[in-house]
Amino acid sequence: MVVVAIWFREDFTPAEFMVNSLVQSSEVTTLRVKWSGIVVCNILFYIAMLSFTVMETLNTPIIQAELGLSQSAAVRYSSIFLTCTSVFSFLTFAIATPLGKKFGERKMMSIAFSMSAVAYMFFYPMGPGYIPKVEWTPLDNVTIVNTTVEVTGCNWQNSWCIKQHQLNIAQFVVANSILLFSYPLSVVLLLSRTSKILGPHPQGTVMGILTAVGSLSRAVGPAIFTALFQSLGPPACVYVLAPALAVASLLTFLGRNHLDSFQSRHEKLQRDLFT
């Protein structure tokens with residue numbers, strides 16, 4: 001936590017910019033927050049959080065169904081996989097800000113959403129072969145009289161288990177690897193861009209709303225996509241999230257003028273005043 005606090009220190013550019021401005025008092029009163037940009041950031045943040053929430057929620061059932069594992073084994077392997085890949089995700093958080101400064105935050109945001117859309121396309125089962133046959137693993141219950149069974153592989157109640165091709169393990173690894181790079185990249189740049197849109201204006205309320213939008217995504221996403229997964233299987237991610245992320249990438253590109261920072265708008269106002 002100390003390392004994160006040191007690395008993600010607050011950007012003082014807006015404050016320094018305001019102190020050094022010769023006409024700050026008269027211009028700031030006329031230069032208001034660009035609320036259209038804040039709305040765009042909230043929509044993008046919702047989609048970004050939804051993409052990670054779905055991956056986090058469906059990792060275990062996908063591993064169980066596609067590899068023919070028991071639920072307990074799938075949970076264990078999913079936990080190990082997410083723990084190992086979290087290191088890669090942390091490194092992405094570290095390089096997100098330098099990438100945004102070098103190539104432009106809006107451009108990198110659009111690239112990140114495009115990468116996430118491509119990643120979810122990899123969740124479409126391509127084989128070879130079909131999902132492993134459902135088997136049953138007996139588990140001894142605490143009572144001696146009764147015994148319970150644990151489903152292994154795809155749940156027989158889901159009709160797609162019988163006729164759907166298997167998701168290749170290489171596809172699964174590639175999809176998750178791309179997401180663990182694109183998700184933190186998009187989130188960090190979105191938070192940075194929101195702060196820059198606000199500039200010297202109070203940021204607490206807007207950032208609180210942004211956090212609430214992310215919480216809403218994490219609350220609604222698992223419920224909806226669990227139901228979709230039970231009906232469609234892994235292609236549910238392809239049918240819903242890939243188009244949503246593609247729209248987010250397009251929205252970032254088309255709405256780039258709404259995502260102008262306060263500093264760039266202030267500089268433009270200065271040029272208009274002195275020319």
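Predicted model: local features only at pLDDT ≥ 70, side-chain atom pairs only at ≥ 80, totals over all residues.
Residues are numbered from 1 along each chain as its sequence is written, and side-chain values use heavy atoms, with hydrogens and water left out.

Let's begin with the cavity. On a 1 Å grid over the protein atoms alone, that's a set of points where a 1.4 Å probe fits but cannot get out. There's 1 cavity of 30 Å³ or more here, and the largest cavity holds about 50 Å³, the volume being the space filled by probe spheres set on points joined across faces, edges and corners.

Who lines it? Residues with an atom within 4 Å of a point count as lining, and for the largest cavity they are I62, I63, E66, L67, L167, N168, I169 and F172. The largest share, 4 residues, comes from α4.

Now the second largest pocket, a pocket being an open set with protein on both sides within 12 Å along at least five of seven lines. About 250 Å³ of space lies in there. It has 16 lining residues, and P61, Q64, N155, N158 and F229 are the closest to its centre. Here α4 gives the most again, with 5 residues, and α9 (204-232) supplies at least two.
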